[in-house]
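Look through the sequence and the structure shown here. The paragraphs that follow go through some of its features in turn.

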Amino acid sequence: MTLQIRILNFNPDKKTHLIVQESPKTRNSIRCIPMSDSVFTLLAKRLFYLEQSGWLNPHNLLFPSTNGSYIEPKSFELRLKAVSKRCEIKKVSAHALRHTFATRLVEENVPLTTVQGLLGHASVSTTQRYVTTMPEEMRKAVSNLSLRMEPETLFDAKKLNGTKDWMKVADVRLPTWLQTETKTAQS
């Protein structure tokens, strides 16, 4: 795969240059990404607005600059910062939005391989770095596992070779202070 890149506004006196990447970085980047009906409707309205408004848009861009060309990366960052400020959200970037997207999908129990495909990652290990583990999810996971560790469950469990008899501790009484804390923690 040949990477095709064009520099539209090269000027050695400027600090920024507009680079257009015609082909994606990897083969995994070429993919169909489904979108919800509500997002589709918003994008269709945006395109209809641009067409009806007389906005210069010779390249049929979804977000053209005021003169109809590609927007500068810095302009995008400034727009994103302004929107996030109105929404009272700090430290937003396009990359942070990808991380949030991946984390929310995992919270909805979407398989990690599906998230990998949506993000266009070649490796699932790359996708795992995007996913933020939520403290509440970790507590829930340990709580679910702890149900299997209840004394009644352990006493009824099949005895494994070389293990002591769990029944020896079945009649042991806990100190009063520990029984109270345990009951409070369980409620």
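Asn 109 counts as exposed in this predicted model, because its relative accessibility is 68% and the cut-off for exposed is over 50%. This residue sits in the loop between helix 3 and helix 4. Its backbone also deserves a look: the phi of Asn 109 is near 65°, a positive value in a residue other than glycine. Most residues other than glycine have a negative phi.

A second residue with a positive phi is found in another loop. Lys 91 has a phi near 55°, and Lys 91 is not a glycine either. Its place is the loop between helix 2 (73–86) and helix 3. With a relative accessible area of 83%, Lys 91 is exposed.

Two packed helices are described by the angle between their axes and the distance between the axes. Helix 3 covers residues 94–107 and helix 4 covers residues 112–119; their axes come within 10 Å and cross at roughly 155°. Helix 3 is therefore roughly antiparallel to helix 4, since angles over 145 degrees count as such. The crossing of helix 3 past helix 4 is right-handed.

The last stop is on the surface. Which residues form a nonpolar patch there? They are Met 35, Val 39 and Phe 40, which together have about 290 Å² of accessible area. Met 35 belongs to the loop between strand 2 (19–21) and helix 1 (37–53). Its relative accessible area is 43%, so Met 35 is partly exposed.

Conventions:
Residues are numbered from 1 along each chain as its sequence is written. This is a predicted model: local features need pLDDT of at least 70, side-chain atom pairs count only at pLDDT 80 or more; totals for chains, interfaces and linings use all residues. Side-chain values use heavy atoms; hydrogens and water are left out. Patches are made of residues with over 30% relative accessible area and no salt bridge: like charges are joined within 9 Å, nonpolar side chains (Val, Leu, Ile, Met, Phe, Trp, Tyr) within 5 Å. Accessible areas come from the Shrake-Rupley method with a 1.4 Å probe; for residues, only the protein chains shown count as cover. A salt bridge is a side-chain nitrogen of Lys or Arg within 4 Å of a carboxyl oxygen of Asp or Glu. Helices (H or I, at least four residues) and strands (E, at least two) are DSSP runs, numbered from the N terminus. Buried means under 20% relative accessible area, exposed over 50%, partly exposed in between (1.4 Å probe, protein chains only). Axes are lines fitted to C-alpha atoms, for helices over the stretch in contact, and angles run from 0 to 180 degrees between N-to-C directions. Angles under 35 degrees count as roughly parallel, over 145 as roughly antiparallel, 65 to 115 as roughly perpendicular and the rest as oblique. A crossing is left-handed if the near helix is turned anticlockwise from the far one by less than a right angle, and right-handed if clockwise.
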